[in-house]
Amino acid sequence: MSSKNIKVLLIEDSKSKANDIMLFLSKNYNDLIFTTLVENVTPAKKILLEDKFDIIILDLNLPDNDDGPNNFGGNKIVSFCKDEGIDTNKLIFYTSTKKTKDDNEDIIDEKSFFLYNHEDLSWQKCFLKIFDEKLNQFNLKYKLDGKQYD
């Protein structure tokens, strides 16, 4: 298998959070993933129609400026995926606030959710576990140090 064979879409409007997550992925998967970043709902919908991704990492508190400024972009992306037949099991959800998590309990799978906090790095352990479970769930293979992992 070639390098960067796992395609990840990160939908995040905050540059600092996006950088944290992308750096963490790169560090833990030895640059074997290819991550695409989009910052709001409209380009996320466009790229989801144009390309296929193995894993989609979604900020639940994403602003949705299509319908005026609000923070329902995460909901809109989930609905869009369902409407377009995109497998929502590929989604990893996160937010920075417990309130946003509680407000979105109807759309998130608890096993695919982590609470992000820049100062408290415990999110990394939870995210790593979820990401590895997604790799296993979809039988995504990757190479690390010359060995192939299933």
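Is Glu 133 buried, partly exposed or exposed? Glu 133 counts as partly exposed, at 35% relative accessibility (buried is under 20% relative accessible area, exposed over 50%, partly exposed in between, with a 1.4 Å probe and protein chains only).

This is a predicted model, in which local features need pLDDT of at least 70 and side-chain atom pairs count only at pLDDT 80 or more, while totals for chains, interfaces and linings use all residues. Residues are numbered from 1 along each chain as its sequence is written, and side-chain values use heavy atoms, with hydrogens and water left out.

**Stop 1: salt bridges**

Lys 129 is exposed at 54%.

The structure has four salt bridges. Select Lys 46 and Glu 50 next; their closest N and O atoms are 2.8 Å apart. Both residues are exposed.

Then select Lys 15 and Glu 39, a salt bridge with a closest N to O distance of 2.7 Å. This pair links distant parts of the chain, 24 residues apart: Lys 15 is in helix H1 (15–28), and Glu 39 is in the loop between strand S2 (33–38) and helix H2 (41–50). Lys 15 is exposed at 55%, whereas Glu 39 is partly exposed at 34%.

**Stop 2: nonpolar cores**

Select Leu 9, Ile 11, Leu 48, Ile 56, Leu 58, Ile 77 and Phe 93, which touch the most other members of the 22-residue largest nonpolar core (buried Ala, Val, Leu, Ile, Met, Phe, Trp, Tyr and Cys residues joined through side-chain atoms within 4.5 Å). Strands S1 (6–11), S3 (55–59) and S4 (91–95), together with H2 and helix H3 (73–84), each give two or more residues to this core. A second, separate core of 21 residues includes Leu 10, Ile 33, Ile 92 and Leu 135.

Centre on Leu 48. Beyond its neighbours within four places in sequence, Leu 48 is in contact with residues including Leu 9, Phe 53, Ile 77 and Ile 86 (contact means heavy atoms within 4.5 Å).

Terms used:
A salt bridge is a side-chain nitrogen of Lys or Arg within 4 Å of a carboxyl oxygen of Asp or Glu. Helices (H or I, at least four residues) and strands (E, at least two) are DSSP runs, numbered from the N terminus.
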